[in-house]
Amino acid sequence: MNRRRLLAAGAGLGSALAAGSVLTAAPVLAQTPPNPARESAMSGDPGRTGRKARIFITGSASGLGHAAASTLLAQGNKVVVHVRSESRLPAVKELVDQGAVATIGDLSDTAQIRDIAGQVNAIGRMDAVIHNAGVISGAQLLVVNVVAPYLLTALVQRPRRLIYLSSSMHTGGRASLDGMDWSGKTATGSYSDSKLFVTALTMAVARLWPDVLSNAVNPGWVPTRMGGPSAPDDLRLGHLTQEWLATSDEPEALTSGGYWHHQKRRKPHPSVNDIGFQDQLLAELARATATALA
Ligand SMILES: NC(=O)c1ccc[n+]([C@@H]2O[C@H](COP(=O)([O-])OP(=O)(O)OC[C@H]3O[C@@H](n4cnc5c(N)ncnc54)[C@H](OP(=O)(O)O)[C@@H]3O)[C@@H](O)[C@H]2O)c1
């Protein structure tokens, strides 16, 4: 979708995407006092920790992406949300009414992923990108959970911080790329495999791009549509770490190459830090998308 169509999509929401809600490329923003108490972040206030940022969040129509967008907006950040189609725009209307800008595209379609990157780049450089969208099964699993974050990483103007949604289930993944269909035509690979791959991508980016903070987050098992209503973990904590990594100036949040759970570094599956496996994964994704990570 080009910028004109993006704005046209906004017209479908009445005033919600009026020109005033489209971000300009103006630099942001004011400083707030550094060194906030860690307790304040744990109680749900990571935004007190640093300057306000411009943040792109994939899959903001529901669940953790929507919750993170809502919190980051409330904290005064500029947020670029994302939905799969124009018919999902109502899901972000409340966010757009509060100043978010909406982007549109299906992350299971590589042409649309490229288009989303163009929409984001037309808005301007992001301070942070949260690669949040995900699915738990289906033929499109590898495209949405791995190819989309890879292509967007390659194509969106490089931000200062990159955050990828992983899962504790990545530890059950297999560090093997044999037989994977990255096109979405056939179901290959498990959810756990996909999260192992995206966590390895996170660590590869951290290694190859020292100027970027690249981190993975295990949000816990939380009660979203994916997690189900009886998920035992705390929903607020399920999106707090992403928000904190995206905006905080606390020293720990300014590190790279971490696999995080509730603002603490955890040990990931050893293969995600295996440089040989990372290189194989990058080569495979570059081949499948005809796009290298520059
Ligand atoms: N919930 C948990 O317990 C849990 C645990 C570990 C990891 N995670 C990870 O956390 C992330 C967020 O999950 P969630 O629990 O918030 O799930 P969710 O409620 O199902 O939300 C997923 C989001 O991704 C979007 N999405 C999915 N496929 C898409 C596509 N093809 N194109 C565009 N957008 C697409 C969805 O849009 P629609 O609403 O339009 O479908 C939705 O906004 C995922 O990466 C997930 O793997 C979740």
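Twelve nonpolar, ten polar and four charged residues make up the shell around the ligand in this predicted model. In total, 26 residues surround the ligand, and the closest are G59, G63, G134, T224 and G227. Helix α3, residues 63–74, supplies three residues of this shell, the largest share.

The sheet comes next. Strands of a sheet pair through backbone hydrogen bonds, in either a parallel or an antiparallel sense. Here eight strands form an open sheet with mixed pairing, and their order is β3-β2-β1-β4-β5-β6-β7-β8. At its edges are β3 (101–104) and β8 (264–265), each of which pairs on one side only. Within the sheet, β1 (residues 54–57) and β2 (residues 78–83) are joined by three bridges and pair in the parallel sense. R54 has K78 of β2 opposite it.

How many residues of α7 are buried? The count is 15 of 18, so the helix is mostly covered. Helix α7 covers residues 191–208, and its length can be checked against its residue count.

Methods
Residues are numbered from 1 along each chain as its sequence is written. This is a predicted model: local features need pLDDT of at least 70, side-chain atom pairs count only at pLDDT 80 or more; totals for chains, interfaces and linings use all residues. Helices (H or I, at least four residues) and strands (E, at least two) are DSSP runs, numbered from the N terminus. The expected span of a helix is 1.5 Å times one less than its number of residues. A residue is buried if 20 or more other C-beta atoms lie within 10 Å of its own, exposed if 12 or fewer, and partly exposed in between; C-beta atoms are placed from the backbone. A residue is near a molecule or strand if its C-beta atom, placed from the backbone, lies within 6 Å of it. Ala, Val, Leu, Ile, Met, Phe, Trp, Tyr, Cys and Pro count as nonpolar, Asp, Glu, Lys and Arg as charged, and the others, Gly among them, as polar. Two strands pair if DSSP finds at least two bridges between them.
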